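Open the model in a viewer and keep the selection tool at hand. The stops below say what to select next and what is there.

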Amino acid sequence: MDMNTIEAVVPTTDPAQWRDGDAWLAGGTVLFSYGSTVLKRLLDLGQADWPAISVTDAGIELAATCTVAELYALPVSTETANREWPGLALIRPCCDSFVASFKIWNMSTVGGNICTGLPAGPMTSLCAGLDGVATIFSPDGTSRTVPVADVVTGDMQTVLAPGELLRSIQLPATALSARVAFRRLSLSNLGRSGVLLIGRLDPDGSMVITVTASTKRPVQLRFPAGQVPDAGTLADAVGDSIPWPLYHDDIHGLPAWRRDMTFKLAEEIRAELLGESMSVSGDFWPPHATSPQPSTQPATQAKTPSAQKEARNGN
């Protein structure tokens, strides 16, 4: 969509240049699709030259400008080849949850998806589920860190003040080392997520279940080692932690359905992490042949990046 109020595009990564009527521009996939009648300038991060992904023993740092395509390639990259990080298995299902074309994957950014504040933002789901911490730059020259689970505060609402810039997200090695589980449901085969839950069983024996998409903001349920819940305890925790008004309500799912599915998927995740008898609902997990998304295909059917691109382009 054209935005005919824009007077200038300014290449910068300096929040001090911010003024009223500005917007940060990364991939622009949401900014240009929604449009604006009030913006005057775009502060373009396209030449930021930030390393998209940095991998160390401490974990993974994702630049806010890291694209979905770059993130999707990470689990099979040389940088993570020798890492015992089961949490990497969450990356591709979360990328697939965009249910977007390769054109979007190559433009849309991790930071942009989080800053948009959509309840169904899959990068918020991923980074919150792995206890990601966001580094935020402010126009006064200071910086602060905020858990990604706390960045989104409501439907298209965040903790970001005017002019603040999300610089990066740190995913800690402790969370990446956890056993993980993923569940996602939507009302249509390739629809926006109506419910998306991520579970972790950390090396110390504690359990974390992160609820997104069904709620207006992320909700985390934490159970210390030695207090891992049974089915009844978990159901009580979900009920106590998510009041009715917190469930999201739009064309992608009514609150009653989102609530029921949150209880169902939370129990499936608990059972999977503890190795109990369970069922699997939703998309993308574990690998199966019935979904059109690349990450669901068995390893023997894995495609090269170029083949995946051609498949998404309909060739």
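Start with two helices: A231, L234, A235, V238 and G239 in α9 meet T262, F263, A266, E267 and R270 in α10, where contact means heavy atoms within 4.5 Å. Helices (H or I, at least four residues) and strands (E, at least two) are DSSP runs, numbered from the N terminus.

The model is predicted: local features need pLDDT of at least 70 and side-chain atom pairs count only at pLDDT 80 or more, while totals for chains, interfaces and linings use all residues. Residues are numbered from 1 along each chain as its sequence is written, and side-chain values use heavy atoms, with hydrogens and water left out.

Now select 231–241 for α9 and 255–274 for α10; their axes come within 10 Å and cross at roughly 140°. Axes are lines fitted to C-alpha atoms, for helices over the stretch in contact, and angles run from 0 to 180 degrees between N-to-C directions. Angles under 35 degrees count as roughly parallel, over 145 as roughly antiparallel, 65 to 115 as roughly perpendicular and the rest as oblique; α9 and α10 are therefore oblique to each other.

Next, select residues 22–25, strand β2. D22 and W24 on one side, and A23 and L25 on the other, are all buried (under 20% relative accessible area, with exposed over 50% and partly exposed in between; 1.4 Å probe, protein chains only). In a regular strand the side chains alternate between the two faces of the sheet. D22 stands opposite R41 in β3.

Move to the open sheet of four strands, ordered β11-β12-β13-β14 with antiparallel pairing. Its edge strands, each pairing on one side only, are β11 (179–185) and β14 (219–223). The twist averages 10° from one strand to the next. Inside it, select 195–201 and 207–212: six bridges join β12 to β13, and L201 stands opposite M207. Then show residues 122–129, helix α6, which lies across β12, β13 and β14 and runs at about 15° to β12.

The last stop is an open sheet of five strands in the order β4-β5-β10-β6-β7, again with antiparallel pairing. Here β4 (53–56) and β7 (143–147) are the edge strands. Select 59–63 for β5, which four bridges join to β4; G59 in β5 is the bridge partner of T56.

Note on methods:
Pairing = 2+ DSSP bridges.
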